[in-house]
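Open the model in your viewer and keep the selection tool ready. The stops below say what to pick next and what is there.

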Amino acid sequence: MSKRGTRVPAQDLPDSKKSKMTSSSDAANGAGPASPTMEIDEDLHSRQLAVYGKESMRRMATCNVLICGLGGLGVEVAKNVVLAGVKSITLHDRADTQLRDLGSQFYLTPADVGRNRAEACRDAIQELNPAVPVAASSAALEPSLLAQFQVVVATELPLAESIRVDEWCHSHGVAFIKADVRGVFAQVFCDFGPAFQVLDVDGEEPHAGIVAGITPGNPTLVTAVEDERLEFQDGEEVTFVEVAGMTELNNRAPIRVKNCKAHSFELDIDSTGFSPYQSGGIVTQHKSGKVLAFKTLAQALADPGEFLLTDFAKLDRSALLHVGFQALHAFQAEHGRFPEPGSQADADQLVAKAAAINEAAAEKAELDEGVLRKLAGTARATLNPMAAMFGGVVGQEVVKAASAKFHPLHQWLYFDSIESLPDAPLSAEEVAPQGTRYDDSIAVFGRSLQDKMAGLKMFLVGAGALGCEFLKNFALMGVACGEGGLLTVTDDDTIEKSNLSRQFLFRDWNIGAPKSTCASEAAARINPDLKLRALQNRVSPETEDVFDDAFWGGLDVVVNALDNVNARLYVDSRCVYFCRPLLESGTLGTKCNTQMVVPRLTENYGASRDPPEKQAPMCTLHSFPHNIHHCLTYARSEFEGLLEKTPAEANAFLADPEKYISSAKSSSDAAAREQLQRVVEVLVAERCTSFEECITWARTKFQQQFYDRIAQLVFTFPEDAKTSTGALFWSPPKRFPTPVAFSPDDASHAAFLQAAAILKAQVYNLTLPDWAADAAKVAAAAAAVEVPPFVPRENMKIETDPKAQAPVSDSYAHEDQIIDDLISQLREALTGLPPGAQLNPIPFEKDDDTNYHMQFIAGCANMRARNYAIPEVDKLQAKLIAGRIIPAIATTTAMATGLVCLELYKVIQDKPVEAYRNTFANLALPLFAMAEPIPPKAFEFNDLRWSLWDRWVLQGDLTVQQVLDWFKQRSLEAYSISCGQALIYNNIFPKHKERLGKRMSELVQTVAKMEIPASRSHFDVVVACEDEEGEDLDVPLVSIQFR
């Protein structure tokens, strides 16, 4: 074990450190030039690549990072940075492990007490990413050590030493970040040098539009097609390509725009002398970089400039905390410690120091003694939620320094969550240390609240990226770690390689195992006292026998860690029904949102919905694509139709031919005919019995898709074709296509043919020859295939209506005869098939680059893009779009879960609504927007009050009349009762009067066909009623407690 102040042996340091940052902007502010030959494991980093891109990740991989202080915050930063994929990390610490560190440092164990923290956790951090060397050091922070790094992160470092280190870093081109979490307070400072170049400020894709018209003048008016809304802002710059006529705009230097509207804008340019505009054109937002000048820490302490705000309800808080943290550092420098929890004398000293510092400042802050005393009372503690949140924030700032991607924090961020603290002052006995891993938490919240935390019954839905972070947080916080506590976690998914870049509880040897089981085992290693139950059930209506009334009724809190809206809505509905708090969060790249759903205090998750994603019209996908997204959507549809759905349909026929044929005959419509045609296609017309025949099929498909189909389209609609109104048919956004002739020498053609032939062979369970792995040999074989010459069809109908929901289908006068002919072909095909024959449908799997799925889709999309002169994409970009991959990074996930866990403290204290915060954050900008949750909509009638959180529970095995009477007694006229889709009673139907004397429990089973489990003692009905004036009134769901 290294002694304080001594150097570690040379072999403990990562290999090949750069001496210092260079000043060249090409070297990304010193992280070193991105190596164009560096291989990135796309299977592992696909979600991260969707956020950063290849160039930024390559720049990151040249950066050596020093992280000082391996407490709760330091280990969170290290975890996030090593997962991001920098060149190397050195963990620096001069402190030895104490038992209280285990409340926030997840890679320390009781056996590490007394051991250097950096050395104790190095191996575990190294295990997260074997490609990033991790070293430990306790050497003095002198230039000889600092010169080996491009980024230095200082946590738990005294202010005087931080100033000294920052001065050296600032003058030597090394990015410096100082960060501390003290109780429910936090401070972050960034100094990236006197001239730091940001290459991409926000990471968003440039906005673009399709030009519909240009009116020359000064300024120049540009109108765009109305398919999509323009997103340009006044003052931005744009560039043009593909403008016909007014070619002076093409590839011109960026032009400033103004008067931006939904479908038009003006160019700040005089175009009166330009050539007349004819048609077309694509306009794209020009994104420029930015150079930032940073002050040193010493300068910024005296002249902080603007603070980054997180909560607009606390406009003056940052200035106050700027003084408060300086007072805290002064206290530490004088006493060698932080103020003791519950010590009035220490708090008095901190307040006095803050007043003196504020008095000497050029700009005075408005001091709030109550906030300063809370800072003093909690400063000794490191809380896991704060460490998790700011581990994400600081980790992202490291990535910015290493990659020049996104806008750095410039320069101060202060944060507090004093709303999480107990309302009443805690006694010295309540906050006294107990000699346990929870002492820091006890110092802030008291022993009673910690005991309450230990007894919680919680339900965590999802064990992916968010779920892993939550499990780690709960283990450190002591959730469900005591008598009566239980944390149930469920996830029906298994671990994939792509999960490992952010779902940090998993390792490569866990691939294929259930997420919930592996994550729970890893969380139990962090805290063996954690009481866990791991399940592999999806939470849905189909599993209400598992997650039954008793289960939901026995919960204290539900936490969502899901990645799809429908699942969130279902869990939300259950929490509303059983009146249980739901802590909701989600991430998208660098963005995250958190929402607190608290019974009777807030609206629920489902109260507001995002608008549905806009879908491209069918005719656009099939005949008139104008961007690569259209091409990829079409390619995936072709994959699923040819290789999954059609073989699956054939299997349905093969499993029971007579039943299938009978069903087709009974329908005898165009849909049945098309279905049969597909089955005949795969079992008769296009059946392959050898790999060579699969190549013939692939070559024929290439000809049909990329030559014949396009040639027919051009024949039907020539370039000079006009619409019924006299306008050019091929007007924007339509792009005039060109057929693509097959060439075996074209690598893209060869790759598509290879993928198509191999996948077709897999459908028929054929053995592949060794040479199938050679795309050139497959292409050469394809070149020998004779394909029939294209012959255009007269009067062929091609769908051009953007409102059409399906492609044009040929209609026939004698569908029955055609269906009979198809059935005859299938019966004949059966005679040549062995008994029990089945095809092998291929479901799309995006995350296996060896399965040829993405090679097929990328190849198909790029050939189609080539038809329409649309820029092509590589396989990774194709995977991100066609695979609908959600961008995800570890930093955002950590921040989101930290924010949620701060709200958990409020839930278990039954805080009022004004104490809670919903948050939207974007680490790329960076931006934080915190707001009080919206209360639920309240209803009232006479003495009755209710909201979405209420159910009216009626006791007894009641008749319909008794239910009507219950409402009558409350001056409400109930005229209709329904259960599910069934109408139990309505007063407009005379026969329903016969039901008045019948029991509701009988009617819901006989009329509504409801099966009531023996474990359930109630059922629910919806009652429609009117008030005394005949006005309809929305009343709560009614539960009849009949057992």
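Which side chains meet in a salt bridge of 2.7 Å, N to O? Select Arg827 and Glu658: they are the pair. A salt bridge here is a side-chain nitrogen of Lys or Arg within 4 Å of a carboxyl oxygen of Asp or Glu.

Before moving on, note that this is a predicted model, in which local features need pLDDT of at least 70, side-chain atom pairs count only at pLDDT 80 or more, and totals for chains, interfaces and linings use all residues. Residues are numbered from 1 along each chain as its sequence is written, and side-chain values use heavy atoms, with hydrogens and water left out.

**Stop 1: salt bridges**

Stay on the pair. Helices are DSSP runs of H or I with at least four residues, strands are runs of E with at least two, and both are numbered from the N terminus. Arg827 is partly exposed at 36% relative accessibility. Glu658 is partly exposed too, at 46%. The classes are these: buried is under 20% relative accessible area, exposed is over 50%, and partly exposed is in between (1.4 Å probe, protein chains only).

Next, select Arg574 and Glu544. Their closest N and O atoms are 4.0 Å apart, and they form a salt bridge. Arg574 belongs to helix α17 (residues 565-578), while Glu544 is in the loop between β19 (532-535) and α16 (549-553); the two residues are 30 apart in the chain. Arg574 is buried, at 13%. Glu544 is partly exposed, at 24%.

Now pick Asp180 and Lys178. This salt bridge has its closest N and O atoms 3.1 Å apart.

For a network, select Asp311, Lys314, Arg317, Asp416, Glu419 and Arg917 together: salt bridges link them. The whole structure holds 55 salt bridges.

**Stop 2: the eight-stranded sheet**

Switch to cartoon view. In what order do the eight strands of the open sheet run? Follow β3-β2-β1-β4-β5-β6-β16-β15; the pairing is mixed. Two strands count as paired if DSSP finds at least two bridges between them.

Zoom in on β1 (residues 64-68) and β4 (residues 151-155). They run parallel, joined by four bridges. Show Leu66: it stands opposite Val152 in β4.

**Stop 3: a hairpin and its neighbors in number**

Select β28 (residues 973-979) and β29. The two are antiparallel, with four bridges between them. They make a hairpin with two residues between the strands, and Gly980 in the turn has a positive phi of about 60°. Ser978 faces Leu983 in β29 as its opposite residue. Strand β29 (residues 982-986) is mostly covered, with four of its five residues buried.

Go to β32 (residues 1037-1041). It pairs with β27 (residues 951-955) in the parallel sense, over five bridges. Gln955 stands opposite Gln1041 in β32. β32 also pairs with β30, this time antiparallel, over four bridges. Here His1018 has Gln1041 as its bridge partner.

**Stop 4: surface patches**

Select Glu1028, Glu1029, Glu1031, Asp1032 and Asp1034: they gather in a patch of negative charge. Patches take residues with over 30% relative accessible area and no salt bridge; like charges are joined within 9 Å, and nonpolar side chains (Val, Leu, Ile, Met, Phe, Trp, Tyr) within 5 Å. Asp and Glu count as negative, Lys and Arg as positive, and His and the chain ends are not counted. A charge is placed at NZ of Lys, CZ of Arg, CG of Asp or CD of Glu. Glu1029 lies in the loop between β30 (1018-1026) and β31 (1032-1033). At 70% relative accessibility, this Glu1029 is exposed.

Finally, select Phe920, Leu925 and Leu927. They make a nonpolar surface patch of about 220 Å². The areas come from the Shrake-Rupley method with a 1.4 Å probe; for residues, only the protein chains shown count as cover. Phe920 is in strand β23 (residues 918-922) and is partly exposed, at 35%.
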